[in-house]
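Dear colleague,

Please find below the structure that I am handing over to you. My notes on its salt bridges follow.

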Amino acid sequence: VTRYENSDHPAREYDALQLQGSYNFTDNWTLGGNWTHEFKNDGDFEGEAGQSPQIGSIFGDYPDVLPANRYFPAGRLDNFQEDKIRVWSNYLFDFGAGGALDLGALFRYDSPLTFSYARTFGLTDIQQELGEGYLSLPASRSLFFGERGRGEYESIWSLDLALQYAIPVWKTVEPWVKFSVTNVTNEDGKVTYNTQIIPDTEGPLDEFGLPTTYDLGANFGRATAAGNYQIPREYFVSLGIRF
């Protein structure tokens, strides 16, 4: 018999401050920005992936075999980001019948995302004995070393520039062309990287026979795929007509 029921044990807490403002220096020059500061984005369960509802979860399974502090620790969730800042400015050169030239700049700053020191690890002999009353036990689970989210990747920043020229040709018909460059300085910060660790089975063990120390994997801290880096410099050209 399989039974599904709700649980109020998983916990997530979010607390943040968001500021936003803009200022017009002149009729043609605007400066604006926003800043989000997260004080807390904690929990003991990451939750479901987007568009992937789960029927049942592994949270709280086999509580006498899988201690919560090693398999479901509380701490910062994967999407915790202490600061996210955007500052932009636009200046419009109005040439009347000769059209208009709009210059824009956008500065982005993102604090590091977090990761946990965890590794898939099989059950120990002690855990197998504790779970003898179960019909079956999992072969392995993700084992945590320390609180959730205690590791951090790198902070990143970039500067984007854009130039748009539009000229009126007849009544409200106005062709325009836009040229933009993202990440002008071609920053290459690592948004994520390899976080593999190797549990030290020769070191101290807890009461469940689980290792309490670990070694860093050979590629720990290294980018192993293009997606580990922030998006490099890109150029865009757009054409359009307003009417």
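Please note that the model is a predicted one.

Glu174 is a partner of Arg242 in a salt bridge, where the closest N and O atoms are 3.0 Å apart. Arg242 belongs to strand β14 (residues 234–242) and Glu174 to strand β11 (residues 174–182), so this pair ties together parts that lie 68 residues apart in sequence. Arg242 is also partly exposed, with a relative accessible area of 35%.

In total, the count comes to nine salt bridges. Two others deserve a description here.

The side chains of Glu46 and Arg148 form a salt bridge with an N to O distance of 3.7 Å. This pair links distant parts of the chain, 102 residues apart: Glu46 sits in the loop between β2 (29–43) and α1 (68–71), and Arg148 in the loop between β8 (140–144) and β9 (151–152). Arg148 is buried, at 5% relative accessible area, whereas Glu46 is partly exposed, at 25%.

Arg141 and Asp61 also meet through their side chains in a salt bridge, at 3.8 Å from N to O. Since Arg141 lies in strand β8 and Asp61 in the loop between β2 and α1, the pair ties together parts that are 80 residues apart in sequence. Arg141 has a relative accessible area of 18% and is therefore buried, the cut-off being under 20%. Asp61, with 25% relative accessibility, counts as partly exposed.

With kind regards

Key:
Residues are numbered from 1 along each chain as its sequence is written. This is a predicted model: local features need pLDDT of at least 70, side-chain atom pairs count only at pLDDT 80 or more; totals for chains, interfaces and linings use all residues. Side-chain values use heavy atoms; hydrogens and water are left out. A salt bridge is a side-chain nitrogen of Lys or Arg within 4 Å of a carboxyl oxygen of Asp or Glu. Helices (H or I, at least four residues) and strands (E, at least two) are DSSP runs, numbered from the N terminus. Buried means under 20% relative accessible area, exposed over 50%, partly exposed in between (1.4 Å probe, protein chains only).
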